[in-house]
Amino acid sequence: MATMASLFLKTPGPSQSLPKTHKTHFVLPQNLPLSWRSKYRAGPAAARIRCGLIEPDGGKLVELIVEEPQRDLKRRQALSLRQIKLSKIDIQWVHVLSEGWASPLKGFMRESEFLQTLHFNSLRLGDGSVVNMSVPIVLAIDDSNKNNIGDSSSVALVDDKDNPIAILNDVEIYKHNKEERTARTWGTTAPGLPYAEQAITHAGNWLIGGDLEVIEPIKYHDGLDRFRLSPAELRDEFTRRNADAVFAFQLRNPVHNGHALLMTDTRRRLLEMGYKNPVLLLHPLGGYTKADDVPLEWRMKQHEMVLEDGVLDPETTVVSIFPSPMHYAGPTEVQWHAKARINAGANFYIVGRDPAGMGHPLEKRDLYDADHGKKVLSMAPGLERLNILPFKVAAYDKTQNGMAFFDPSRPQDFLFISGTKMRALAKNKESPPDGFMCPGGWKVLVDYYDSLTPSENGRVPEPVPV
């Protein structure tokens with residue numbers, strides 16, 4: 001069985017891609033979800049499959065990393081400029097921008113881009129076309145930064161050790177209206193929103209936008225960099241595999257057999273539609289997450305066991321890390337998650353219940369309606385080219401001793417195991433029902449919570465945001 005690391009080995013020689021102009025007819029399956037059917041009822045021309053990868057937003061993948069021969073020159077230039085010190089989250093956004101996940105953005109947003117994002121969840125390009133952009137990608141500075149920059153047209157962005165990370169050119173400084181940004185992004189200004197508390201509430205009162213030149217690829221040196229494939233690298237991998245469809249699954253939790261059932265069933269349905277080689281992009285979020293989420297390194301260990309145990313097929317699965325920070329902004333944020341996968345080559349996006357959601361920070365209820373995420377995705381401006389695949393509801397079927405799609409005609413046979421229940425079982429070193437999660441994956445989860453148990457001094461290590 002192939003291991004997760006082997007999924008990214010490149011073969012020598014030219015890639016073999018399917019011609020982008022090739023099309024083939026397909027018969028619309030009767031059990032296709034309504035959101036799919038509406039896309040394919042527009043006549044014979046619509047009821048076709050286009051082979052090859054979907055184009056990036058704006059028609060071209062934006063890559064902002066300086067060519068290697070120029071890097072020393074850019075480092076020296078950065079040392080001569082006024083500096084802005086970046087937080088960990090800021091560096092994650094530099095990573096996102098540098099590789100083109102936010103194409104066609106070429107740097108941190110200027111005011112016009114910021115306002116379009118807040119008010120329209122989209123950007124209008126010079127040719128009049130519209131691309132989706134629902135989450136502000138901005139850099140905050142304080143009054144002292146603003147005064148220090150003065151009328152400089154370029155500034156250096158540095159890490160906490162003053163190492164140059166990037167140069168921001170043709171800068172524009174404008175007011176950071178934190179209340180408006182929070183209200184428009186989350187639909188509330190209630191205290192306790194994790195990302196807002198981490199990156200907005202205590203941030204500077206100004207935003208600075210401009211064009212980025214990133215001096216070298218962003219690396220974290222945490223043993224996981226080999227899994228951080230850029231959109232260009234993912235497109236190369238999909239082409240190498242002759243993928244004629246890519247379906248993306250975003251997650252920030254361990255994979256259980258219900259997830260696996262959904263992903264394998266999605267591939268089956270795509271094959272029925274006429275695709276020859278649909279490939280799954282299993283794409284865990286790798287940027288900032290709140291303290292009670294399972295940390296990335298443990299999630300990646302768990303995903304590796306899912307592949308090694310054969311729950312997912314390594315031959316048709318690519319596992320990679322999505323570098324974006326997590327907002328927990330529900331229907332607003334899920335548009336960003338979907339849009340970024342277009343730039344990586346995905347033309348299908350799986351969406352489930354309450355995507356990117358969280359509990360209300362003050363009240364005992366969910367912050368967002370559980371169905372609004374998938375509904376918004378089906379209507380969002382700039383996402384018309386992306387096929388949205390709503391979750392089927394999976395639960396533990398006691399008659400089959402495994403995960404299955406919920407059958408409303410026999411609800412008494414199904415057990416719903418929530419994330420809260422799953423975490424409680426793992427913390428208590430209890431086993432879930434057989435067939436809920438592969439044994440190797442479950443052991444990783446138990447080991448993680450075991451690592452949080454009191455040490456010899458009696459202290460429990462505190463989970464921290466990452």
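## The second largest pocket

Helix α3 (88-99) gives the lining of the second largest pocket its largest share, six residues. Helices here are DSSP runs of H or I with at least four residues, strands are runs of E with at least two, and both are numbered from the N terminus. This is a predicted model, in which local features need pLDDT of at least 70 and side-chain atom pairs count only at pLDDT 80 or more, while totals for chains, interfaces and linings use all residues. Residues are numbered from 1 along each chain as its sequence is written, and side-chain values use heavy atoms, with hydrogens and water left out.

The volume of this pocket is about 1,100 Å³. A pocket is an open set of points on a 1 Å grid over the protein atoms alone, where a 1.4 Å probe fits and protein lies on both sides within 12 Å along at least five of seven lines; lining residues have an atom within 4 Å of a point. A volume is the space filled by probe spheres set on the points, which are joined across faces, edges and corners. The lining has 44 residues, and S87, K88, I89, I91 and Q92 are the closest to the centre. At least two lining residues each come from β3, α3, β6, α7 and α10.

## The largest pocket

The largest pocket holds about 1,500 Å³ of space. Of its 48 lining residues, N253, H259, R353, D354 and F391 lie closest to the centre. Which element gives the largest share of this lining? Helix α13 does, with four residues.

## α13 against α14

Let's follow α13 to a neighbour. On the α13 side, M422, R423, L425, A426 and K427 meet W442, L445, V446 and Y449 of α14, where contact means heavy atoms within 4.5 Å.

## α10 against α14

Helix α14 (residues 439-450) also packs with α10 (residues 296-308): their axes come within 7 Å and cross at roughly 160°. These helices are therefore roughly antiparallel (over 145 degrees). From α10, the contact uses W298, K301, Q302 and M305, and from α14 it uses G440, G441, V444, D447 and Y448.

Conventions. Axes fitted to C-alpha atoms, helices over the stretch in contact; angles between N-to-C directions. Parallel < 35°, antiparallel > 145°, perpendicular 65-115°, else oblique.
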